[in-house]
Amino acid sequence: MEKQKDLEIVELMIAMYCRGKHKSKKGELCPECAELAEYVRQRRERCPFGDDKPFCSNCKIHCYRPDMRQKIAAVMRYSGPRLTFTHPVIAFSHLAETIKTRRANAKQERQKQKEKEMKDKEEKRND
Ligand SMILES: [Zn+2]
């Protein structure tokens, strides 16, 4: 996911959340959400994955501070479903990527499990 695109989506979701929850005006963010948006941008700037990165919400490295992580999680919960109606293409690509990431993670887990079993067998043989 390109950094710019990723950020655009996150900011869109924060704006949606802020308008809905904090009654801010269109195109404006309340101080709390502005801080969150700024924080997200900063984290993304320093992200070791660069452009070759899943959506932040799918990322394995949870680099957000706990309080910010909670806030962004609330934003995702609120705006995620709404995005499906207002920006179906974005929502769909996000969903597709989430599924892809989950599958890849599950595959990795299975692989690890297999390796562990092989190792266990190996050790038994050596006993
Ligand atoms: Zn707000």
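## Basis

Residues are numbered from 1 along each chain as its sequence is written. The model is predicted: local features need pLDDT of at least 70, side-chain atom pairs count only at pLDDT 80 or more, and totals for chains, interfaces and linings use all residues.

## Overall fold

The chain holds four helices and zero strands. Helices (H or I, at least four residues) and strands (E, at least two) are DSSP runs, numbered from the N terminus. From that end, the elements run α-α-α-α.

Of the 127 residues in the chain, 15% are buried. Buried means that 20 or more other C-beta atoms lie within 10 Å of the residue's own; exposed means 12 or fewer, and partly exposed is in between, with C-beta atoms placed from the backbone. Among contacts (C-beta atoms, placed from the backbone, within 7 Å), take those between residues at least 6 apart in sequence: 62% join residues at least 24 apart.

## Nonpolar core

The largest nonpolar core has 14 residues. Such a core is a set of buried Ala, Val, Leu, Ile, Met, Phe, Trp, Tyr and Cys residues joined through C-beta atoms within 7 Å. Met-13, Ile-14, Tyr-17, Cys-33, Leu-36 and Ala-37 touch the most other members. Two or more residues each come from α1 (3-22), α2 (31-45) and α3 (66-86). The largest share, six residues, is from α1.

## Tyr-17

Tyr-17 sits in helix α1. Tyr-17 counts as buried because 24 C-beta neighbours lie inside 10 Å. Setting aside residues up to four places away in sequence, Tyr-17 touches Cys-33, Val-75, Tyr-78 and Ser-79. Tyr-17 and Cys-33 are 16 residues apart in sequence; their C-alpha atoms are 8.7 Å apart.

## Helix α3

Helix α3 has 21 residues. Its first and last C-alpha atoms are 29 Å apart, close to the expected 30 Å. The expected span is 1.5 Å times one less than the number of residues.

At Ser-79, α3 bends by about 35°, and a proline, Pro-81, follows within four residues. The bend is the angle between axes fitted to the seven residues ending at a residue and the seven starting there. The buried residues of α3 are Lys-71, Ile-72, Val-75, Ser-79 and Leu-83. In an α-helix there are 3.6 residues a turn, so residues three or four places apart point the same way.

## Lys-23

Lys-23 lies in the loop between α1 and α2. Its phi is positive, about 55°, although Lys-23 is not a glycine. Most residues other than glycine have a negative phi. Lys-23 is exposed because 8 other C-beta atoms lie within 10 Å.

Technical notes
Contact = placed C-beta atoms within 7 Å.
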